[in-house]
Amino acid sequence: MGGGSGSRLIGDMTGVSLQVEIGGEEIPGPSLADMLIAAGEFPDLIHVSDQADMEKLSQPGYTCPLDTLAEQYCPEFWDNFDPMERLNHTAADGHVYAIAKGYRGDAFYSDPNLPLTPPRMMALRKDWLDRMGASMPQSVEELEGLLYRVLDRAEELGIHVPLRLTGPLDAPLSDWMGLAQEPVWDEAAQAVRMPYREQQWLDYFRMLNRWYRDGVLGLPEDGEWSDYLMATRDGAFATGYDSSLAYAAQALYLMRDGDRAHDTPFPYAVIERPLTVEGEVRLYASDNATASTAVSVHTGALMIGSSSLKQERAIQFMHFLSSKEGAKLTRWGIEGVHYERTEDGYVRFIGDYRYPDNYVFDAGTEKRRMAGIDYWLLMENTVVNGLLDASPEAYYTNSDRIALRAMEIRAGQQYKTYAAQNRNPVLAFAEIRPGHALEPAAQRIRQAWEQAAWEMVTAGTDQEAVQIWETLQAQLK
């Protein structure tokens with residue numbers, strides 16, 4: 001699979017060649033699991049990208065128990081996994097049938113250099129801060145004061161709206177105020193609950209509503225998302241983002257894109273440290289994932305089919321892929337051929353394996369894929385992935401993109417420090433999976449929450465916002 005030098009070396013080292021058949025996961029119709037079950041054929045290795053498929057196939061008759069194969073053929077198999085990771089992948093019958101990618105164990109958290117990508121970030125225009133004689137805010141209160149100062153000088157600065165957000169839940173403001181957007185463990189009640197009834201959320205929505213009515217905050221109203229994101233070019237002083245969409249559109253348009261020269265310094269500065277509230281850090285940062293794709297460019301889980309005649313080779317191959325040596329080959333390639341180490345010890349791709357100077361968006365390069373890099377990512381080692389994610393220059397030559405990435409990495413290192421204090425992978429099992437009987441009810445609750453959030457922030461008066469909150473709370477009961 002893959003004719004490049006990386007693929008050849010992996011094949012030479014393991015004696016394994018892959019004949020790949022694409023399943024039905026990316027097209028409408030039966031899932032890969034349904035197709036395999038209907039055919040009654042379960043090949044040597046099965047890679048699924050869907051949680052439901054993994055659960056369907058995790059049973060005798062479909063896939064082999066990895067713990068049994070490891071005990072028989074590869075006793076060192078579990079050396080590459082955190083003990084909690086193994087526990088989190090254990091099925092009801094006590095066996096492990098699949099290993100999903102992206103679990104962040106103690107090895108990841110004990111390395112301060114590895115970033116945990118925050119779900120939301122915010123950046124300010126450093127050049128406008130300088131024009132105002134202002135510094136980066138250290139608190140939410142300072143940020144609010146700064147936004148109102150910008151509003152007073154909007155015409156002079158050429159700013160239409162001081163703060164633009166893609167939605168009321170998409171910025172880290174609620175995180176800084178200590179508010180969770182995901183399941184939390186209630187120690188007093190000894191139960192898992194959603195945080196939608198926390199009274200502090202009302203304070204947050206009322207604050208945004210005040211900003212909205214005063215002209216400090218802008219939200220998309222009509223038209224396509226792309227139209228709104230393009231509008232942020234005309235005067236947004238700061239922008240929040242969820243996973244990168246709005247933030248990327250706001251920040252990246254100022255970078256060199258090949259269409260025009262860009263000689264001025266990159267103007268954005270990411271707020272790297274959590275802003276305080278009333279003098280204290282209240283940041284709600286968490287890591288509740290049993291498996292996450294935050295440090296990976298791919299998703300999925302790997303299993304060994306029950307029809308496999310090469311189970312010994314398959315479990316040993318999985319062991320190789322999950323090792324640091326195997327992960328470096330599959331993710332970085334060959335040192336001196338595909339990548340090099342920087343003076344700081346970081347990983348940096350070489351020559352055509354990096355993006356050209358006019359490339360600022362994340363996207364795979366055909367050159368890397370032709371070399372076999374990213375072809376064998378059936379498993380991963382999150383420390384190896386983290387070392388790549390911690391490198392500002394890993395993929396980029398564009399100086400603006402490198403500067404932005406360096407700030408994002410530092411913000412991620414800060415976030416991880418706080419997430420480590422609230423790390424509870426077991427909570428992932430409280431999430432309602434697709435196809436569960438409670439999924440429709442959970443979707444209705446989430447939709448009601450998101451709709452009410454928009455209505456509260458855009459309400460005509462503070463009293464109206466409070467009334468929407470009270471109506472929502474009655475619904476949630």
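1. Gln190 sits in the loop that links strand S5 (184-186) to strand S6 (191-193), where helices (H or I, at least four residues) and strands (E, at least two) are DSSP runs, numbered from the N terminus. Although Gln190 is not a glycine, its phi is positive, at about 55°. Most residues other than glycine have a negative phi.

2. This is a predicted model, in which local features need pLDDT of at least 70 and side-chain atom pairs count only at pLDDT 80 or more, while totals for chains, interfaces and linings use all residues. Residues are numbered from 1 along each chain as its sequence is written, and side-chain values use heavy atoms, with hydrogens and water left out.

3. Glu278, likewise not a glycine, has a positive phi of about 50°, and this residue is found in the loop between S9 and S10. Glu278 is exposed, with a relative accessible area of 62%; here buried means under 20% relative accessible area, exposed over 50%, and partly exposed in between (1.4 Å probe, protein chains only).

4. For the protein as a whole, there are 20 helices and 12 strands, and buried residues make up 50% of the 477 residues. Among the contacts (heavy atoms within 4.5 Å) that have a separation of 6 or more, 73% are accounted for by residues 24 or more positions apart.

5. An open sheet is formed by three strands in the order S1-S10-S2, with antiparallel pairing, and its edge strands are S1 and S2, each of which pairs on one side only. Two strands are taken to pair if DSSP finds at least two bridges between them. Strand S1 (residues 45-48) pairs with S10 over four bridges in the antiparallel sense, and Leu45 stands opposite Ile304 in S10. On the other pairing, strand S2 (residues 99-100) is joined to S10 by two bridges, with Ala100 opposite Ala301 in S10. Within strand S10 (residues 301-304), Ala301 and Met303 point one way and Leu302 and Ile304 the other way, and all are buried.

6. Strand S3 deserves a separate remark. Six of the six residues of S3 are buried, so this strand is largely enclosed by the rest of the structure. Arg120, Met122 and Leu124 point one way from S3, whereas Met121, Ala123 and Arg125 point the other way. S3 pairs with strand S9 (residues 268-270) in the antiparallel sense over three bridges, and Arg125 stands opposite Tyr268 in S9.

7. The largest nonpolar core has 55 residues, of which Met122, Leu173, Trp176, Tyr204, Phe205 and Trp211 touch the most other members. Helix H11 (residues 199-214) gives the most to this core, with seven residues. A nonpolar core is a set of buried Ala, Val, Leu, Ile, Met, Phe, Trp, Tyr and Cys residues joined through side-chain atoms within 4.5 Å. Once its neighbours within four places in sequence are left aside, Tyr204 is in contact with Pro168, Leu173, Ser174, Met177 and Leu179.

8. On the cysteines, the count comes to zero disulfides, a disulfide being a pair of cysteine sulfur atoms within 2.5 Å. Cys64 is buried, with a relative accessible area of 7%, and Cys74 is buried as well, with a relative accessible area of 1%.

9. The count of cavities of 30 Å³ or more comes to one, and the largest cavity has a volume of about 150 Å³. Of the 15 residues that line the largest cavity, the closest to its centre are Pro118, Arg120, Trp176, Glu272 and Tyr415. Strand S3 (120-125), helix H10 (173-176) and helix H18 (399-419) are the elements that give two or more residues to this lining. On a 1 Å grid over the protein atoms alone, a cavity is a set of points where a 1.4 Å probe fits but cannot get out, and lining residues have an atom within 4 Å of a point. Grid points are joined across faces, edges and corners, and a volume is the space filled by probe spheres set on the points.

Technical notes:
On a 1 Å grid over the protein atoms alone, a cavity is a set of points where a 1.4 Å probe fits but cannot get out, and a pocket is an open set with protein on both sides within 12 Å along at least five of seven lines; lining residues have an atom within 4 Å of a point.
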